[in-house]
Each structure stands twice: as structure tokens, then as C-alpha cells.
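Hi,

Here is the model I said I would pass on. Have a look at it first, and then read my notes below.

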Amino acid sequence: MVSDSAPCSLAAPVYAIFVVIMVPAGILAGRAAELDAPGIRAVAFSGVTRNSLVVLPLVLALPPAYDLAPLVVVLQTLIELVAMVVLVELIPRIVPVEV
């Protein structure tokens, strides 16, 4: 039997792992594109943020069988928000501006 909170307990680690994977992927993509440090930082931040609130109106229109879908979208937004707070401090240390 699957509990009502199962979608959230399954989605949270996936969203967190996505953040962990996308930071180095964004940095590598920025370096491959030969961007400067601010550009590399922007690519890393953009890769992590998926703008989940854009789909929230669509998710709210789903039938009652998907009543936990809005909660999963908001959970994704909260994980992104926490990640952004951490990355504001972390990314400049990983990608310093060359002197």
C-alpha cells in the first residue's frame, strides 16, 4: 500500500539529486562555451532552476485523481529556493572571478 505522501517522498530526493548534478554540468557547459566567470555562474544557476511555478496553473487544472500534484510542484519550488540560497554562497567560491 502506497501512502498519500509517497509522491513527495519520492520526488524530493530526485529534485535534490538534480541540483547536485546540474551545478557541475552548468559549470562544464559554461566553460565549454568559453564564457567568463559571471556567464558560467549564470549557466549553473539557470540549470538548477526549472521554474516549476510556471506549470502550477496547469497542475491545478488536473482531475481530482492527481490531487497531490500541486504539492509536488510546490515541493520542487521549495527545494529550488533552498538550493539557490546555498548556491549564492557556493557558486562564487567554485567559479571565482579571475584576477
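Before the notes, one cut-off: a residue counts as buried when its relative accessible area is under 20%, and as exposed when that area is over 50%, with partly exposed in between. Q76 comes out at 11% relative accessibility, so Q76 is buried. Keep in mind that this is a predicted model.

Overall picture: the protein has four helices and zero strands, giving an α-α-α-α pattern along the sequence. The C-alpha trace spans about 55 × 25 × 20 Å along its principal axes. The radius of gyration is 16 Å, whereas a compact globule of 99 residues would have one near 13 Å. Of the 99 residues, 30% are buried. If you look at contacts between residues at least 6 apart in sequence, 74% of them join residues at least 24 apart.

Leaving out residues up to four places away in sequence, Q76 touches Y15, R50 and S52. E80 is buried as well, at 6% relative accessible area. Beyond its neighbours within four places, E80 is in contact with V48, T49, R50, N51 and S52.

V74 is also in helix α4, but it is partly exposed, with a relative accessible area of 34%. Together with L78, L81 and V85, V74 forms a nonpolar surface patch with about 360 Å² of accessible area.

Cheers

Key:
Residues are numbered from 1 along each chain as its sequence is written. This is a predicted model: local features need pLDDT of at least 70, side-chain atom pairs count only at pLDDT 80 or more; totals for chains, interfaces and linings use all residues. Side-chain values use heavy atoms; hydrogens and water are left out. Buried means under 20% relative accessible area, exposed over 50%, partly exposed in between (1.4 Å probe, protein chains only). Contact means heavy atoms within 4.5 Å. Patches are made of residues with over 30% relative accessible area and no salt bridge: like charges are joined within 9 Å, nonpolar side chains (Val, Leu, Ile, Met, Phe, Trp, Tyr) within 5 Å. Accessible areas come from the Shrake-Rupley method with a 1.4 Å probe; for residues, only the protein chains shown count as cover. A salt bridge is a side-chain nitrogen of Lys or Arg within 4 Å of a carboxyl oxygen of Asp or Glu. Helices (H or I, at least four residues) and strands (E, at least two) are DSSP runs, numbered from the N terminus. The radius of gyration is taken over C-alpha atoms; the globule rule is 2.2 Å times the number of residues to the power 0.38.
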